[in-house]
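I open this notebook to record, entry by entry, what I looked up in the structure shown below.

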Amino acid sequence: MVQDFTLHTHTIDFDGKNTAEQMVDAAKKCGMKTVGISNHFIVHPDIKKTKFYPFAVAGGYSRMYNADFKTAILNFQKHYEHLEHIAADYNINILRGMELDLFDARRWYNGYAHTVKVLKPDYIIGSAHFIEYNGKLCNIHDMKSASPDDQDKMLQAYWNKVQWIAKSGLCSFLAHIDLPARLNLGLDEKWTDAEYKTIDVIAESGIPVEINTALYKRADRPHPSPRIMQMCADKKIPMFLSDDSHHIDHVCKYFEEAKKYADSFGVKLIGLDKIL
C-alpha cells in the first residue's frame, strides 16, 4: 500500500454514483485507514445562468450548485449528519470534507465564513471549476468552445484564480491544479510561464497539491502534467495521491502507478498529518 488515506471522493447525494456507505466500504477494501467524503460546495448568485448548469440538471447533480449559502448549508448539514451517523458502523476514520469553489466578493467571503462556522468541515479542498470572464460566470468546459483569443484569456484567468486560491489560506490542499488539461487545453509550452508563476505562488503559500489519479482513467494522462510535476519537484511542493473518485471502482485506483510517477520526479509523498 503506497498511501493509507484518500480524501477526494464524491457521493450520490451530489455528483457521485454511489452512497457514502459504498464509498467507505470501497476504501476499506483498499486498505485505507482514513476516507474523506468531499462533495462539491459551490455557491454563486449566477450559477444557474451558466451554460453548464443544464448539463448538471440533466445529470441529476444540480443540487451541488447553489445560488445562496443557506440552501447549500442545509444540503451539507444533512450530508454531514449522515456521515456522522454511519461512522460508528465502520472501523475506519471517516472525515467530513468539502470541495470548495472560491469567488472573490465580500458577500461570498461572509457566506463562506458563516458556512465554516456552522458546518465545521474537517478539511477543505480548493478547486477552480469556474472562472469569471467578461462579466459572466464560466465553467472550465466553456473554454473548449471559445474562440482562440477568448480561450487564451480564459486560460490565463484560470491560472490567476489558482494562484489566488493558493494565497487565500482558506483551503487544506489544491485539487487538479491543471484542470483544463482534461479538455486538452493549455498543454503547449506557451503556458509554461503561467505555470511557473503559479507553482511559485503555491510554494510560497506552503499549501499541498494532489496528484490526481482520475486523469489516468479519464484521459490516459498523468496529472499534474510532467512539466508541472517537475516544477513541483524543483520547488519541493508537498504532494500526495488523490483519486477524485465518483464511483466505487475509482477509489484508490491507479495509486501504484501514480506513486511510480511521483518517484520518477523524486517527489516524496506527504502523510495525512501534513494535510489536515
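I take two strands as paired if DSSP finds at least two bridges between them, and I take helices (H or I, at least four residues) and strands (E, at least two) as DSSP runs numbered from the N terminus. The model is a predicted one, so local features need pLDDT of at least 70 and side-chain atom pairs count only at pLDDT 80 or more, while totals for chains, interfaces and linings use all residues. Residues are numbered from 1 along each chain as its sequence is written, and side-chain values use heavy atoms, with hydrogens and water left out.

I looked up the strand order and found an open sheet of 3 strands, 1-2-5, with parallel pairing. Strand 1 (5-6) and strand 5 (93-96) are at the edges with a single partner strand each, so one side of each has no neighbour in the sheet. Strand 1 is joined to strand 2 (residues 34-37) by 2 bridges, and I noted that Thr 6 has Val 35 in strand 2 as its bridge partner.

**Entry: the cavity**

Grid points are joined across faces, edges and corners, and a volume is the space filled by probe spheres set on the points.

I found 1 cavity of 30 Å³ or more, and the volume of the largest cavity is about 40 Å³. Its lining includes Tyr 158, Ala 175 and His 176, and helix 5 supplies the largest share, 3 residues. I sorted the lining into 7 nonpolar, 3 polar and no charged residues, where Ala, Val, Leu, Ile, Met, Phe, Trp, Tyr, Cys and Pro count as nonpolar, Asp, Glu, Lys and Arg as charged, and the others, Gly among them, as polar.

**Entry: Ala 175**

Where does Ala 175 lie? I placed Ala 175 in the loop between strand 10 (173-174) and helix 6 (192-205). At 5% relative accessibility Ala 175 is buried, a word I use for under 20% relative accessible area, with exposed for over 50% and partly exposed in between (1.4 Å probe, protein chains only). Leaving aside neighbours within four places in sequence, the contacts of Ala 175 include His 8, Glu 99 and Glu 210, contact being heavy atoms within 4.5 Å.

In helix 9 (residues 255-264) I found Phe 255, Ala 258, Tyr 261 and Ala 262 buried. Down the axis of helix 9 these buried residues fall within an arc of 115°, so they line one face of the helix; the arc is that of the directions from the helix axis to the C-beta atoms. The face turned away from the buried side carries the exposed residues Lys 260 and Ser 264.

In the loop between strand 12 (239-242) and helix 9 I found Asp 244, which has a positive phi of about 45° although it is not a glycine and is buried at 3%. Tyr 254 is also placed in the loop between strand 12 and helix 9; its phi is positive, about 70°, although it is not a glycine, and at 24% relative accessibility Tyr 254 is partly exposed.

Conventions:
1 Å grid on protein atoms, 1.4 Å probe; cavity = no way out; pocket = protein on both sides within 12 Å on 5 of 7 lines; lining within 4 Å.
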